Structure formats: C-alpha cells, structure tokens
Amino acid sequence: MKKRFGVLVSGTGTNMQALLRASREGFVPAEICVVISDRPGVRALEVASREGLRTAVVDFTEFDSRDEFTEAVTAELLSQGADFVCLAGFMRILSRPILEAYPNAVVNTHPSLLPAFPGVDAVRQALQYGVKVTGCTVHFIDEEVDHGPIIAQEAVSVLPGDDETSLHERIKAVEHQLYPKVARWLALDRIRVHGRVVELVDEP
Ligand code: GRF
C-alpha cells in the first residue's frame, strides 16, 4: 500500500508545495494525508485546502504544555495513518510523544548548514557572522532544537549584496529540491540511523 505522510506548517508553505508536487508527480512514492498547522489563517493552510488536502489546526495557544500540544499533533497524524512526518517551516518545538510514536520518522528542513546557526533567524545569523557559504540541512528531529541526525545537506554561496530575503530565497530554492529527495528516501525505507550517523541504503 502507498505510504502516507503528514506535513507540519506554520507559514508560507513553499516546502509543503514542493513535497506535494513531488508526490503528485510520483517522485515521492507516498501521499500527503494531512497538513497540520500550529496556528489558523496561514498561507500554507489556504494552499493545502485549495489543493484538496486534509488540513487541521492544532492551536498551540490552547494547550497548557508542550507535551499536551505534541500529543494532540501526534494523535492527528496517527488518526490519518501517517507513516512519516515532514516539518516544513513549522515553528514549534515538539517533545517526546511524537518521537515515541514516530521513531526516526520525523524530519525537518533548516536553512543553514547545521550544526552552524540552529534556531530561528538562521539566515540572519549566517549573514551577521559573515560566512561565505551557508545552505540547508534536512535532519531527523530529536529533543533538542535543530539537532537530530543529519540526512542531507546542500551548500549555498553568500553573494555580495545579499540580504536576508535574497539569501533565504536562494536557500529555499535548494530546499525545494532536497526535501523531496529525502521524502523519497523515507517512502522507500532507504534510511538507516546509527547513533548520529545516517546511512542511505540501496533501493529495494
Ligand atoms: C524554510 O526555509 C525552512 O527551512 C525554515 O522555514 C522556511 C519555511 O518556508 N524552517 P516555507 O513555509 O516552506 O515557505
């Protein structure tokens, strides 16, 4: 049976769109079963609805603790039969309940070459530090922010005159290629995790 995955969003949703396109074109042999946002009214939800995807809002402000919020997100994913989960611009930190329900099956894309510049404002941090190369990282989540085992990375040059917007746009263009690749590997069960080190095994 075709694999199913959930996408977690908070904002614009261009990575979700890249995943959807790749799924519909058959590059990712899995379908998006639900798009969950931690807040109402964001563009990503509008796009998802327009595309006929199931959407859900699990409003972070309605929960007393991170664990309770995470449990509600996890329950929605499980109820929709998600096999794996892609965080795509999702701005909340998730806790243990999702890691227990989805061991080595929740991935995130981050706009820097981790472990450099974790957290919010990764692109601004890179510009302020003055690095000449930054990029994006797709990694499994763990209980620390932007810290879990790294699956794939791509470099992006910082160009003279770059500001946060121009650099982030070029990074996002690379993420839109890299994230579907990782989703494909997950759908094909090609990823093995040995401690921090991720191995890509041959296609079955
Ligand atoms: C991406 O750059 C992602 O790495 C970061 O937030 C941005 C989300 O963009 N976590 P979008 O919502 O997918 O357009």
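Buried means under 20% relative accessible area, exposed over 50%, and partly exposed in between (1.4 Å probe, protein chains only). At 2% relative accessibility, Thr134 therefore counts as buried. This is a predicted model: local features need pLDDT of at least 70, side-chain atom pairs count only at pLDDT 80 or more, and totals for chains, interfaces and linings use all residues. Residues are numbered from 1 along each chain as its sequence is written, and side-chain values use heavy atoms, with hydrogens and water left out.

**Thr134**
- Thr134 is part of strand β6, residues 133-140 (strands are DSSP E runs of at least two residues, helices H or I runs of at least four, numbered from the N terminus).
- Beyond its neighbours within four places in sequence, Thr134 has contacts (heavy atoms within 4.5 Å) that include Pro111, Leu113, Glu154 and Ile171.

**Shell around the ligand**
- Residues surrounding the ligand (a heavy atom within 4 Å) include Thr12, Asn15, Gly89, His110, His168 and Glu175.
- At least two shell residues come from each of α1 (14-24), β5 (106-110) and α6 (164-187).
- Helix α6 gives the largest share, three residues.

**Polar contacts and cover**
- Polar contacts here are pairs of N or O atoms within 3.5 Å.
- A polar side-chain atom of Lys172 is 2.8 Å from a ligand oxygen atom.
- A polar backbone atom of Gly13 also lies 2.8 Å from an oxygen atom of the ligand.
- For Thr109, a backbone N or O atom is 3.1 Å from a ligand oxygen atom.
- Of the 370 Å² of accessible area that the ligand has on its own, the protein covers 89% (Shrake-Rupley method, 1.4 Å probe).

Terms used
Polar contact = N/O pair within 3.5 Å; in protein donor to acceptor, adjacent residues only side chain to side chain.
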